[in-house]
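Student: Could we go through this one together, starting with the overall picture and then moving to the details?

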Amino acid sequence: MDVQEKSAIATDAKATGPGGGAGEGARGDTIAAVSSGTGGAVAVIRLSGPQAGVALAALAGRLPEPRRAQLARLRHPVSGEALDQGLVLWFPGPRSATGEDMAELQIHGGRAVVAAVLGAVLTVPGLRPAEAGEFTRRAFLNGRMDLTEAEGLADLIAAETQAQRRLAFAHAFGHLGQQVEAWRGRLIRAMALIEAGIDFADEDDVPAGARALAKPEVTALLEELTCALADRRGALVREGALIAIAGLPNAGKSSLLNALARREVAIVSDEPGTTRDLLEVALDLDGHKATLVDTAGLREAESRVEAEGIRRARARMAEADLVLWVHDLTDGAAPAEAPVTADAPLWLLGNKVDRAEGSPTLGVDWARHQLAVSAARGEGLEELTGALGRFIAERAAGEHPALLRARHRASAEEARGHLALALERWDGLDDELLAEELRLAARALGRMTGAIGVEDLLDVVFREFCIGK
């Protein structure tokens, strides 16, 4: 997306929120907020807008050289009281993170200092507190990033695991945006070939030849979009793998959940049917996010409440990326046939190995992986967590997946639908109708990056951000 396209979006963007959001920025006010975390030794206050330089000079005495940090004593613009001493930086637009004039104050992180300096900044006429996500929103509207990069930045801020950080970093700095623009570029070239048949209809050899040249490109693009939509690795990394813990009553499922979580998440009892609802806990397994779900013991239910718990357990297993079947080794050998039917891989965990007689074996054909553990004493749990981490890593391996969010997938699915229709009717559609299908596909892709028709999406995208970002 070029600057002209984003400028058109900026002109039409709707004002939102109590302060007016990005629409206010278009009318010329300047925003300020703390952009660093709280409680640290250093805090950063950011300013963006036409009065940023005026405010910085009012506190620091003068503007520093652009893009060079300078030590300054900060004073209240009205009373002249010394507030703090820190580093100040000046970024004249458009060469700044937001595309506007920007300033940064790097000060001591004590709450009283931060409150005093931010309060002094906001006494400068024309300044107001920033809304959540407004710095990033202005960066988008001023052509400094596209929507996919903004979403990647939000994911980077919220990343809980190393895998999430790596994926978010790639998207925050253009991975998806570059891919989408490459797809759009190829579509536009195919449209140009089709439209050659419209513009040069009097040339006998142009229409058929142009259509023939465009078809392989459209076919290849349809295949790429289909593969991208089938790739679920992005959701696996961003949202985490869903791992269901299943088994008969009293097999030790809840004890296993507590042991892996290293805290008492589930109630543990010798009474069968204790777990009747789904209990979930998020874990970091070797840098990968996973959600473990403790389910009700599978048996003939003795009450309607237990029956509902078993129904929910089976439904969750159907959604899982992996099912851990926990077998009580004190009950004898594991079942020779798979005890449940699941689309996900099925692992066998022989629990209570410390109480089993002899040396129990777990030789069954239906389990992808087998391991003897003791949830009560912690035996085999380190090996289990390592195996789980490797399982997720293998599922998420390869180049960074393109489509991470439901919004991305919806746009790609819409584009894929138009391409499929165009190819299905390739020989029967007039050039104008064929070009229109390709144009609609390109428009759907453009909404991913914000190149086209995103006004209604802006609030959805930027409400995920915190103040100061």
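Predicted model: local features only at pLDDT ≥ 70, side-chain atom pairs only at ≥ 80, totals over all residues.

Student: Let's take helix pairs. At what angle do the axes of α14 and α15 cross?

Tutor: The axes of α14 (residues 406-424) and α15 (residues 431-449) cross at roughly 170 degrees and come within 8 Å, which means that α14 is roughly antiparallel to α15.

Student: Which residues make that contact?

Tutor: On the α14 side the contact is made by R407, H408, S411, A412, E414, A415, H418, L419, L421 and A422, and on the α15 side by L434, E437, L438, L440, A441, A444, L445, R447 and M448. By class, the residues of this contact divide into twelve nonpolar, three polar and four charged.

Student: And how do α11 and α13 cross?

Tutor: The axes of α11 and α13 come within 11 Å and cross at roughly 80 degrees, so these two helices are roughly perpendicular to each other. The contact is made by L256, A259 and L260 of α11 together with L381, L384 and T385 of α13, and by class it has five nonpolar residues, one polar residue and no charged residues.

Student: Staying with α11, how many of its residues are buried?

Tutor: Seven of the nine residues of α11 are buried, so this helix is largely enclosed by the rest of the structure. The buried residues are K253, S254, L256, L257, N258, L260 and A261, and they pack against β7, β8 (279-285), β9 (288-294), β10 (322-328), β11 and α13.

Student: What happens to phi just after α11?

Tutor: Just after α11, R262 takes a positive phi of about 60 degrees. As background, most residues other than glycine have a negative phi.

Student: Where else does a residue other than glycine have a positive phi?

Tutor: N250 is one of them, with phi near 65 degrees, and N250 is found in the loop between β7 (241-247) and α11 (253-261). K352 also has a positive phi, of about 65 degrees, although K352 is not a glycine, and K352 lies in the loop between β11 and β12 (369-372).

Student: Is N250 buried or exposed, or something in between?

Tutor: N250 is partly exposed, with a relative accessible area of 32%, whereas K352 is buried, with a relative accessible area of 16%.

Student: What about α5, how many of its residues are buried?

Tutor: Helix α5 (residues 134-141) is mostly covered, with eight of its eight residues buried. These are E134, F135, T136, R137, R138, A139, F140 and L141. Just after α5, G143 takes a positive phi of about 80 degrees.

Student: Switching to aromatics, how many aromatic pairs does a search of the whole structure find?

Tutor: The search finds one aromatic pair. W347 and F391 form this pair, which is edge-to-face, with 5.8 Å centre to centre and 75 degrees between the planes. W347 lies in strand β11 (residues 346-351) and F391 in helix α13 (residues 381-395), so the pair ties together parts that are 44 residues apart in sequence. Both W347 and F391 are buried.

Student: Which residues does a cis peptide bond join?

Tutor: A cis peptide bond joins G93 and P94, with omega about 5 degrees, and P94 has its place in the loop between β4 (82-91) and β5 (102-108).

Student: Last one, where does S35 lie?

Tutor: S35 lies in the loop between β1 (30-34) and β2 (42-48), and S35 is buried, with a relative accessible area of 9%. S35 and E104 are 69 residues apart in sequence, and their C-alpha atoms are 9.4 Å apart in space.

Technical notes: Residues numbered from 1 in each chain as written. Heavy atoms only, no water. Axes fitted to C-alpha atoms, helices over the stretch in contact; angles between N-to-C directions. Helix = DSSP H or I, 4+ residues; strand = E, 2+ residues; numbered from the N terminus. Parallel < 35°, antiparallel > 145°, perpendicular 65-115°, else oblique. Contact = heavy atoms within 4.5 Å. Nonpolar A, V, L, I, M, F, W, Y, C, P; charged D, E, K, R; others polar. Phe/Tyr/Trp six-rings, centres within 6.5 Å; stacked < 30°, edge-to-face > 60°. Buried < 20%, exposed > 50% of the residue type's maximum accessible area, 1.4 Å probe, protein only.
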